[in-house]
Amino acid sequence: MHRPRHGRRTLVLAVCCLSVLLVSLDTTILNVALPSMQQDLHSSVSGLQWTLDAYTIVLAALLTLAGSTADRVGRRRIFQLGLVLFTAASALCSLAPTTGWLVVFRMVQAVGGSMLTPVAMAILTNTFPEPRERARAIGVWGGVVGISMAAGPVIGGVLVQSVGWRSVFWLNVPIGLAALVLTALFVPESRAARARRADPVGQLLVIVLLGALTYAVIEAPGKGWTSPLIVACLIAAAGALGGLVPYERRRAEPLIDPRLFRSAPFSGATLTALFAFAALGGFLFANALYLQGELGLSPLEAGLRMLPMAVLSLVCPPLSGRIVGSRGPRVPLLIAGAGITASGVLAVLVTRSAHPSYVLLALTYALFGLGFGFVNAPITDTAVAGLPRDRAGVAAAVAATSRQVGSAIGIAVIGAVVAAGARTAAWWIIAGCGLAVLALSAVTAGRRSPGGAGRVAAGGLRAVNACSACRQVSPGGPQPGPANRIPDQCVSCVRGT
């Protein structure tokens, strides 16, 4: 594979960073705008949840399809289509007359968003094949999420307070157009060496699973867990999951390859993303209502209160990427779990007061920013390391899907708890998610694990070991004997080719 020059690789990284800025800035700004949207559109708490989760669920359901389609028909082509859809849908969201229409336009926005994050990660993986360079690039890419968390609440607060909540969607239009032009100019086309077949049945089962489960969690507090509709949704979700796994195991080219989950680090990264982003989604949702609802702060004041979290979310990802490149994923994940847990516990204590200490509130947000800032790079690196580059789109999509599913579940669960008047329980749930990240990092994350991703069959490859030097899987795997005197490295790396 042709390797782009350093300057061009930097431009490709910049374009990919613009795409993640587009998606993540939309999320952080929108959370600040929720109370204003609720008042203007006369929306309930569940309506606000659907404004966020309709986007998240559609995004999660289509991420793997977008990743595999990009591997098949061309990553730049799918990436450009995603930018067009996301930008156009953002303009439509700013015109939504009711909550229902806003939810519809957010779903269209999610279709475009599903083509951005996993495809950008696949582009990065192919542009930076060397593990340390890739880890550092992912650290920069993750740092853009931090930039969105730093800028989002403040920019959102200024826009909502001065222009109105609709203006938060206007910001996506110039960013999307700029990314579209730069992609056409600098991002090279790439695709998998061998095209994979579409999996419409698997895709349908994923949509039913995520949609039915999320609907049940959001609507159950109002309709009751024993209502026929909620019970039917739970049965449908369980049936979809029960049918998905055996169906995908029988397919030669599945939408989601269950064999990937035989790897302890890959499974650990997936679950870690689930818990970490459940904590993030729940934390942002609960704080938007807490700061502006209970404390009566303006949107700008609420955004400024969250700056400690935003700043650390900006500073920590590049550092996390460097640690992953030099020492592996365990240390950053331990820091992430500890930070999220401590933040949840401290929030329980701080929010009991009608006039909370500004210092303790800032410390709560700083701890969460520290934890979240360290979590992205190790999750992504572990998910794609040791897999063939022509499966990078699917592997990155699985990791991205777990993030979105986690965020959707976090918003649904925390929203239901808040709607029931049990805000303290919401903070304990967030702390529990942090403990789960901490436990998973201790058990499954290591620099080299006997259950690593390199041992799983990927896209038809038989189970082999990954090369310890380039961390990629080849059909032959590391070859011991005279041809290779370093048993855990592939022949190409031993020969220096």
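**View 1. Leu314 on helix 13 of the predicted model.** Leu314 lies in helix 13 of this predicted model. Its relative accessibility is 32%, so Leu314 counts as partly exposed. Leu314 belongs to a nonpolar patch on the surface, together with Ile147, Val311 and Val315. The accessible area of these residues together is about 300 Å². Helix 13, which covers residues 307-327, gives the largest share of the patch, with 3 residues.

**View 2. Ser313 in helix 13.** Ser313 also has its place in helix 13. With a relative accessible area of 2%, Ser313 is buried, because buried means under 20% relative accessible area. A polar atom of the Ser313 side chain lies 2.8 Å from the backbone oxygen of Met309.

View 3. Among the buried residues are Thr117, Pro118, Val119, Ala120 and Met121. Ala122, Ile123, Leu124, Thr125, Asn126 and Thr127 are buried as well.

**View 4. Helix 10 and its buried residues.** Helix 10 spans residues 228-250 and has 23 residues. The distance from its first C-alpha to its last is 33 Å, close to the 33 Å expected at 1.5 Å a residue. The buried residues of helix 10 are Ile230, Cys233, Ala237, Ala240, Leu244, Tyr247 and Glu248. Helix 9 (200-223) is included in what covers these buried residues.

Methods:
Residues numbered from 1 in each chain as written. Predicted model: local features only at pLDDT ≥ 70, side-chain atom pairs only at ≥ 80, totals over all residues. Heavy atoms only, no water. Patch = residues over 30% accessible without salt bridge, like charges linked within 9 Å, V, L, I, M, F, W, Y side chains within 5 Å. Areas by Shrake-Rupley, 256 points an atom, 1.4 Å probe, with all protein chains shown as cover. Salt bridge = Lys/Arg side-chain N within 4 Å of Asp/Glu carboxyl O. Helix = DSSP H or I, 4+ residues; strand = E, 2+ residues; numbered from the N terminus. Buried < 20%, exposed > 50% of the residue type's maximum accessible area, 1.4 Å probe, protein only. Expected span 1.5 Å × (residues − 1). Contact = heavy atoms within 4.5 Å. Polar contact = N/O pair within 3.5 Å; in protein donor to acceptor, adjacent residues only side chain to side chain.
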